Amino acid sequence: MSAEDLSREPTPDAAEDNAFFPSPYSLSQYTSSTTDFDGVQHKGAYTQGKWKVLMIGAEERYVLLENGKMFSTGNHPVEMLLPLHHMMEAGFDVDVATLTGYPVKLELWAMPREDEAVVGTYEAIKEKLKQPKKLSDVVADDLGDDSDYIAVFIPGGHGAVVGLPGSEAVGETLNWALGNDKFVVTLCHGPAALLAAASSKGESPFKGYSVCVFPDALDEGPNLEIGYLPGRLRWLVADLLSKQGLNVLNDDMTGRTHQDRKLLTGDSPLASHKLGLLAADALVEAARAAS
């Protein structure tokens, strides 16, 4: 059967009423068994063992849409695991946190099963994904002036739009990172979490920053037409970031990445490898400077 013969109707998720996975056709267009990974550039470059990366994962499986249907989602495995692969291979350990300490949810239907870098990284951190830290505990106990975290990493996948953008703990973490000259690395729908940095009465500390993010036009158009989403999102990431004063650089999905000060962003799963390279470069340089 050719891809054109596949159904464009979202696939029901039997675990939840009125919930849906992407359609068979959309998966044929958006997923593959491998990625564009072709190696790391800083293998073993950092050996001192102090600096770590804090990853904030999505713990919610379902995104409620305008029409009352739910999209069965989570973090995109490539967007999570490929950047992590670069940072871990460079020598940085990773701590995983979610809002309440519940396990991280992944879009396993997007797992590139023949990609050794992605699958190997998944196996390496699987236990941390199943038993993450509670983010508010990390904020209380681990984000002082002497923190061991050199970067905060927020992977994408539509699951990142649930909970993270309005979380006080996410906002505190991001403001800590900005205030302590740490890196923030995020891509695709992950930049939705940047919305949490703005206080209820003040402007975003990321106002004036330039970012790459998943294009709203795809969520409003092709993702509906090919059955990737079973309905329209109730709000759009690039739109709200722009309203907070951030400059969204892209309106398409090409794998673009960008660094503005210590904020590193990418536009989609296509940016995962390049963002990993960019992050590893930045973290290794910063760790060397700190020592």
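**View 1. The largest pocket of the predicted model holds about 430 Å³ of space.** A pocket here is an open set of points, on a 1 Å grid over the protein atoms alone, where a 1.4 Å probe fits, with protein on both sides within 12 Å along at least five of seven lines. The volume is the space filled by probe spheres set on the points, which are joined across faces, edges and corners. This is a predicted model, in which local features need pLDDT of at least 70 and side-chain atom pairs pLDDT 80 or more, while totals for chains, interfaces and linings use all residues. Residues are numbered from 1 along each chain as its sequence is written, and side-chain values use heavy atoms, without hydrogens and water.

**View 2. The lining of the largest pocket comprises 25 residues.** Lining residues have an atom within 4 Å of a point. Nearest the centre lie Tyr-30, Thr-31, His-76, Pro-269 and Leu-270. Helix 1 (24-30) and helix 2 (77-90) each supply at least two lining residues, and helix 2 gives the most, with 3. Helices are DSSP runs of H or I with at least four residues, and strands are runs of E with at least two.

**View 3. His-189 sits in the loop between strand 9 (183-187) and strand 10 (210-211).** His-189 counts as buried because its relative accessibility is 2%, under the 20% limit set with a 1.4 Å probe on protein chains only. The His-189 side chain makes polar contacts with the side chains of His-158 (3.2 Å) and Asp-219 (2.8 Å). A polar contact is a pair of N or O atoms within 3.5 Å, one able to donate a hydrogen and the other to accept it; residues adjacent in sequence count only if both atoms are side-chain atoms.

Conventions: Buried < 20%, exposed > 50% of the residue type's maximum accessible area, 1.4 Å probe, protein only.
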